[in-house]
Amino acid sequence: MTAASQPFLLPLSMIIDKPAQPENLTPTDAPPSYDTIQADATTSGWRSEKRPEPILPPSSPTASPKSIAASPSSASYKGKTRASSWFPFTAQRPPREIHTTILGLVRDLVKEQSSTSPAVAAASILESCADACAGYDLSLSSLLQEPSIEGHTPLYWAILKRPPDAEGSVPDLLTSLISYSTPLLPSTIADVRHACLLTSDQALFQRLRVTPEFAPMSGTDEMLLGARIPMDEVVVRNAPGDEGAFSVDIEVVHFQKRMLVSKKIEVEFIARARMWRLEFSIASPSTTSSSRSPRGPRTGSWCLSLSILEHSPPTYVDSRLLIPEPVLPSSSYPQPASSPPDPHPHPQSLMDRLRTVPPPPTPKSPISIRLSSPSQLVAPAPSPTRRERRIQGRGRDKDAVEKIEVALEDSAMGASLQYAGTRYIAPDGVLRARLEARLGRRGEAEGECVVC
């Protein structure tokens, strides 16, 4: 193979450390060098800016691959000129070489990811890649979602290699990669979820879940709640010790409205090296007929279920969901009308007694719903073939279950969650609950503390 026919790969280090060229050889519209970008970003205080929540595509038209593809004529010209400094080869090069070069650039970008690299640096490189793709009729979104790095997408490795000091925030490189990868394929979303599970990054996982590109709403929820994704609060706390105990505080907005219209509310989180799903649902004829338990919920019953999701190892679990009565301020209760003192008091009549404002109601005990199973909880299999199902069945506990499901009506006061005006749902429609769980078999005593 001759040197002219070999694919041209431009290492990221050459881009970053490329020496300045003479003034007469520099293209007029070449992007700024990496060092210049980094110096400008440092002096302008880019780190002090608050990152957007949730992750959103770049607002600039030139930073969006969709806008580039929208104008073929201008995009083709811009792609061939802007990309000239990053891809120094002529238009006679086949698109396959451009494809290979961009994949090599992205690989180096992920490999050299560090907390010192500003967001604009990664965005500038990916923008040049988008321009080059536009000039050669390639899709950068498709390239970024190829499993081109050791069998996984660049987004997968960007999560695994996120700097330790980026805990609790979205990495800049990941933000740029997601922006240029949209719309995300189901396989890409699964790869990202797997990476979040491997790193037990619950904070990142929750921020991604409220991103339209990562978790789009159903048509029913979109019509009901508008374009905004419900910001359900999920806070996970691991209990100290090696017992595998944890608790999850949950706030579900518009609980009754979403249940009545969408028939289902899912809350997902990562705890104890597993991905969990807590689901409220209304039992349908199809779900009740497929239930393995003869005492399954009746059609129309409001149900609660707990399950583990893909790539999560099997486990026993003993848990309970506690739903306390919301604590309302004293101003929320009716107050007696103030009136000047009567100079000539007289005995109170029966009608006056009936008009007296009643005292605040006595607090009720929390709703407690037990979720436990004598069998192991396993993640659902990803639709295997008949032969694969036979092989998997040999090493799988025949009594294992894929979810633990109970009807709310089986718990004291649990059925009241479906009634309008229930005292267990706040006036603003938010349901606040706490899941307490421990990895292990159910305790001997019915009222034994789950987390303790």
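User: Which residues are buried in helix 9?

Analyst: In helix 9, the buried ones are Asp-172, Leu-173, Leu-174, Thr-175, Ser-176, Leu-177, Ile-178, Ser-179, Tyr-180 and Ser-181. Buried means under 20% relative accessible area, exposed means over 50%, and partly exposed is in between (1.4 Å probe, protein chains only). Helices (H or I, at least four residues) and strands (E, at least two) are DSSP runs, numbered from the N terminus. This is a predicted model, where local features need pLDDT of at least 70 and side-chain atom pairs count only at pLDDT 80 or more, while totals for chains, interfaces and linings use all residues. Residues are numbered from 1 along each chain as its sequence is written, and side-chain values use heavy atoms, with hydrogens and water left out.

User: Why is helix 9 largely enclosed?

Analyst: Ten of the ten residues of helix 9 (residues 172-181) are buried, so the rest of the structure largely encloses it.

User: Which residues touch the most other members of the largest nonpolar core?

Analyst: Ile-102, Leu-140, Leu-177 and Cys-196 do, in a core of 39 residues. A nonpolar core is a set of buried Ala, Val, Leu, Ile, Met, Phe, Trp, Tyr and Cys residues joined through side-chain atoms within 4.5 Å.

User: Which element gives that core its largest share?

Analyst: Helix 5, with seven residues. Another core, of 38 residues, lies apart from this one and includes Val-317 and Leu-371.

User: Switching to strands. What does strand 9 pair with?

Analyst: Strand 2 (residues 245-252) runs antiparallel to strand 9, and eight bridges join them. Strand 6 (residues 317-323) is also antiparallel to strand 9, joined by six bridges. Two strands pair if DSSP finds at least two bridges between them.

User: Which residue in strand 9 is the bridge partner of Asp-249?

Analyst: Arg-434. For Arg-320, the partner in strand 9 is Glu-436.

User: Is strand 9 mostly covered or mostly uncovered?

Analyst: Mostly covered, as seven of the nine residues in strand 9 (residues 431-439) are buried.

User: Last one, where is Ala-190?

Analyst: Ala-190 is in helix 10 (residues 186-198), and is partly exposed at 36% relative accessible area.
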